[in-house]
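Here is a short report on one protein model.

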Amino acid sequence: MRFVIVGCGRVGAQLANRLSLQGHDVAIVDRDPTAFERLSPTYRGKRIEGVGFDRDILVAAGIERADGFASVTNGDNTNVVSARIARHIFRVPKVVTRIYDPQRAEIYRRLGIQTISPTEWGATRIAEILCHPGMTVLLTLGNGEVNLVEVEVTAYLAGHRVNELVIPGDSNVVSLVRGGRATVPTLGATLQIGDTLHLSVQATAMGRLAEMLHVS
């Protein structure tokens, strides 16, 4: 697959290195040529010096054939403008941008641009760790409405059945890992100490689930 990344900071460089290592065709754009020094020696993609919302620069990076685009500079305005150009002018199928301002991030989500807000994500994760230390949030879906959480089965939970952890409309058991092997458990499966559960949970139901699991 072909990807164009705008911004060769720590995030952009790591993303470019990872995609290149996976064998993808990658081009990364940055106005500062010294930024490319962050790239790994194994990086085999293009390095394009220039402004990330300059159409000629983006064309030179191969955006017309890109399968995905990410703008991850330190400036919200640059990220938004370049993402909108990629999405609406070059019709890149998958566009992701980093926006620090949570309110602006929500606005651009509504415009069809997938956004990552480190500020919002970080605050949410810290709150979850503080309030629900017994549950590890592995993934946040949508705009944060649903979490994928991991829970270790304790002595309290051992002997209970999977169906006891299901709250219709609020939580569901996605998988059970026992002895290193993951399965999609039946509702009648009995839990054992050492099992690991993965559950999809409405964010508004995290507290209720933590009380049920005795992990709050």
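Contact means heavy atoms within 4.5 Å. Helices (H or I, at least four residues) and strands (E, at least two) are DSSP runs, numbered from the N terminus. This is a predicted model: local features need pLDDT of at least 70, side-chain atom pairs count only at pLDDT 80 or more, and totals for chains, interfaces and linings use all residues. Residues are numbered from 1 along each chain as its sequence is written, and side-chain values use heavy atoms, leaving out hydrogens and water.

**Helix α1**

Helix α1 covers residues 10-21. The expected span of a helix is 1.5 Å times one less than its number of residues. For the 12 residues of α1 that gives 16 Å, and the end C-alpha atoms are 16 Å apart, which agrees. Buried means under 20% relative accessible area, exposed over 50%, and partly exposed in between (1.4 Å probe, protein chains only). In α1, the buried residues are G12, A13, A16, N17, L19 and S20. Their cover includes β1 (2-6) and β2 (25-30). Just after α1, G23 has a positive phi of about 95°.

**Salt bridges**

A salt bridge is a side-chain nitrogen of Lys or Arg within 4 Å of a carboxyl oxygen of Asp or Glu. The count comes to 3.

| Pair | Closest N and O atoms |
|---|---|
| D25 and R2 | 3.8 Å |
| D170 and R208 | 3.4 Å |
| R178 and D195 | 2.6 Å |

How exposed is D195? At 2% relative accessibility, D195 counts as buried. Its partner R178 is partly exposed, at 33%. D170 is partly exposed at 21%, and R208 is partly exposed at 48%.

**T73**

T73 sits in the loop between β4 (68-71) and α3 (76-89). T73 is buried, because its relative accessible area is 16%. A polar contact is a pair of N or O atoms within 3.5 Å; within protein, one must be able to donate a hydrogen and the other to accept it, and residues adjacent in sequence count only if both atoms are side-chain atoms. The T73 side chain makes such a contact with the side chain of N79 at 2.8 Å. The T73 side chain also reaches the backbone nitrogen of G75 at 3.2 Å.

**Surface patch**

Patches are made of residues with over 30% relative accessible area and no salt bridge: like charges are joined within 9 Å, nonpolar side chains (Val, Leu, Ile, Met, Phe, Trp, Tyr) within 5 Å. L138, L139 and L141 form a nonpolar one, with about 250 Å² of accessible area together. Accessible areas come from the Shrake-Rupley method with a 1.4 Å probe; for residues, only the protein chains shown count as cover. L141 belongs to strand β7 (residues 136-141).
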